[in-house]
Amino acid sequence: MNYPKYLSLPEDSFLIYRFTSAGPNGLVQKTVTYSLTDVENVYNLGFGDYDPITKTIDDLSVTNNGDSHKVLATVASTVSVFMDRYPKAKIVVSGSTPARTRLYRIAITNNFSEISEDFVIFGYDSDGDWERFVTGKAYEIFLITKKENEHALWKQD
C-alpha cells in the first residue's frame, strides 16, 4: 500500500507485531497477531489496540487518531514480512464487525493491483462460497497467500 506506515517490528517468532498510532487522541499501542488455526499453514490475522496492563488486544476499540490509512498500511506491511518468514502460509482476515470487514474490502480494492503483484486473494461470500476476490463484491472473510501457493489452496489430501 502506497501510504505512510508506522515502524512495526516483529517479535522473534514473526507472529506478533507492535506499533504505536499517534494522533489527537494520543499514543495508542497496536498489535497485529498471526495465530495458527486448526488447518495446516492457515493463520488468522488479528489486530487491535494493545493493553499492556492486561496484555490483551481489543479488536473492537475505535482510536479515532485520524491515521486509519497509515494504520491499515502498517498492518498490510506485516503481511509481507510474515509471508517472507512463512512462505507457505495462508492468512484469513475478517473484521471484528461488518463495518470493519467492509473497510478491509475497500482497502483491498483500492490497492488491488499492487497486492496482486505478489499475492492472490479469495473472498468467502454469504452463499458460503470461496472465489477469487472480485472488486465491489461483499465478502465475510478474505484469504491471502503468495501467488505460488494458489495451486495448493483447495487441494484435498
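Begin by selecting K137, which in this predicted model lies in the loop that runs between β8 (130-132) and β9 (141-146). Its relative accessibility is 29%, so K137 counts as partly exposed. If you now display the surroundings of K137, leaving out residues up to four places away in sequence, you will find that R105, D125 and E131 touch this residue.

Next, move to D49, which you will find in strand β4 (residues 42-51). Is D49 buried or exposed? With a relative accessible area of 13%, D49 is buried, because buried means under 20%. Show its side chain together with that of K30, and you can see a polar contact between the two at 2.5 Å. Beyond its neighbours within four places in sequence, D49 is in contact with several residues, including V28, Q29, T56, I57 and D58.

Then select V32, Y34, L45, F47, F82 and I91, which are the residues with the most contacts inside the largest nonpolar core, a set of 27 residues. Among the elements that give two or more residues to this core are β2 (16-23), β3 (26-36), α1 (68-85) and α2 (98-110), and α1 gives the most, with six residues. Staying with Y34, and again setting aside residues up to four places away in sequence, look for the residues that touch Y34, among them F14, L15, Y43, V75, F82 and I91.

Finally, select V42, V92, V120 and L143, which are included in a second, separate core of five residues.

Note on methods
Residues are numbered from 1 along each chain as its sequence is written. This is a predicted model: local features need pLDDT of at least 70, side-chain atom pairs count only at pLDDT 80 or more; totals for chains, interfaces and linings use all residues. Side-chain values use heavy atoms; hydrogens and water are left out. Helices (H or I, at least four residues) and strands (E, at least two) are DSSP runs, numbered from the N terminus. Buried means under 20% relative accessible area, exposed over 50%, partly exposed in between (1.4 Å probe, protein chains only). Contact means heavy atoms within 4.5 Å. A polar contact is a pair of N or O atoms within 3.5 Å; within protein, one must be able to donate a hydrogen and the other to accept it, and residues adjacent in sequence count only if both atoms are side-chain atoms. A nonpolar core is a set of buried Ala, Val, Leu, Ile, Met, Phe, Trp, Tyr and Cys residues joined through side-chain atoms within 4.5 Å.
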